[in-house]
Amino acid sequence: MLKDQNIKKSSVHSELYNLIPENHILRKINEVVDFSFIHELVKESYDVFYGRP
């Protein structure tokens, strides 16, 4: 299952996220768009314990 965005703070991927410049357009988009609805749309494609099948 997709994890909450807060997971990026403690995951290996947080290192990659930190490489994105503060003024990058995707960071700005992430600040103003609520993407949480996506979790519900894709939950059937992810296993609760193992991620993608």
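Modeller: Buried means under 20% relative accessible area, exposed over 50%, and partly exposed in between (1.4 Å probe, protein chains only). The model is a predicted one, in which local features need pLDDT of at least 70, side-chain atom pairs count only at pLDDT 80 or more, and totals for chains, interfaces and linings use all residues. Residues are numbered from 1 along each chain as its sequence is written, and side-chain values use heavy atoms, without hydrogens and water.

Biologist: What is the mean pLDDT of the chain?

Modeller: The predictor's confidence in each residue is its pLDDT, given from 0 to 100. In this chain, 75% of the residues reach 70 or more. The mean pLDDT of the chain is 79.

Biologist: Which pattern does the chain follow along the sequence?

Modeller: Helices (H or I, at least four residues) and strands (E, at least two) are DSSP runs, numbered from the N terminus. The secondary structure of the chain comprises three helices and zero strands. Read along the sequence, the pattern is therefore α-α-α.

Biologist: Which element of the chain has the highest mean pLDDT?

Modeller: Among the elements, helix α1, covering residues 13-18, has the lowest mean, 82. The highest mean pLDDT, 93, belongs to α2.

Biologist: What percentage of the residues of the chain count as buried?

Modeller: The accessible surface of the chain comes to about 5000 Å² by the Shrake-Rupley method with a 1.4 Å probe. Carbon and sulfur atoms account for 60% of that surface. Of the 53 residues of the chain, the buried ones make up 6%.

Biologist: With which residue does Glu22 form a salt bridge?

Modeller: A salt bridge is a side-chain nitrogen of Lys or Arg within 4 Å of a carboxyl oxygen of Asp or Glu, and the structure holds two of them. Glu22 counts as exposed because its relative accessibility is 63%. The residue that meets Glu22, with the closest N and O atoms 3.5 Å apart, is Arg27.

Biologist: Over the ring of which residue does the charged end of Arg27 sit?

Modeller: Arg27 is buried, because its relative accessible area is 11%. The charged end of Arg27 is 4.5 Å from the centre of a ring. That ring belongs to Tyr17.

Biologist: What is the N to O distance in the salt bridge of Glu40 and Lys43?

Modeller: Glu40 is exposed, because its relative accessible area is 53%. Lys43 counts as partly exposed, because its relative accessibility is 34%. The side chains of Glu40 and Lys43 meet at 3.0 Å.

Biologist: Which element gives the largest share of the nonpolar patch?

Modeller: A nonpolar surface patch of about 840 Å² is made by residues including Ile25, Leu26, Phe37 and Ile38. The elements that give two or more residues to the patch are α2 (25-32) and α3 (37-42). Ile38 is found in helix α3, and counts as partly exposed because its relative accessibility is 30%. The largest share, four residues, comes from α2.

Methods: Patch = residues over 30% accessible without salt bridge, like charges linked within 9 Å, V, L, I, M, F, W, Y side chains within 5 Å. Lys NZ or Arg CZ within 6 Å of the ring centre and 35° of its normal.
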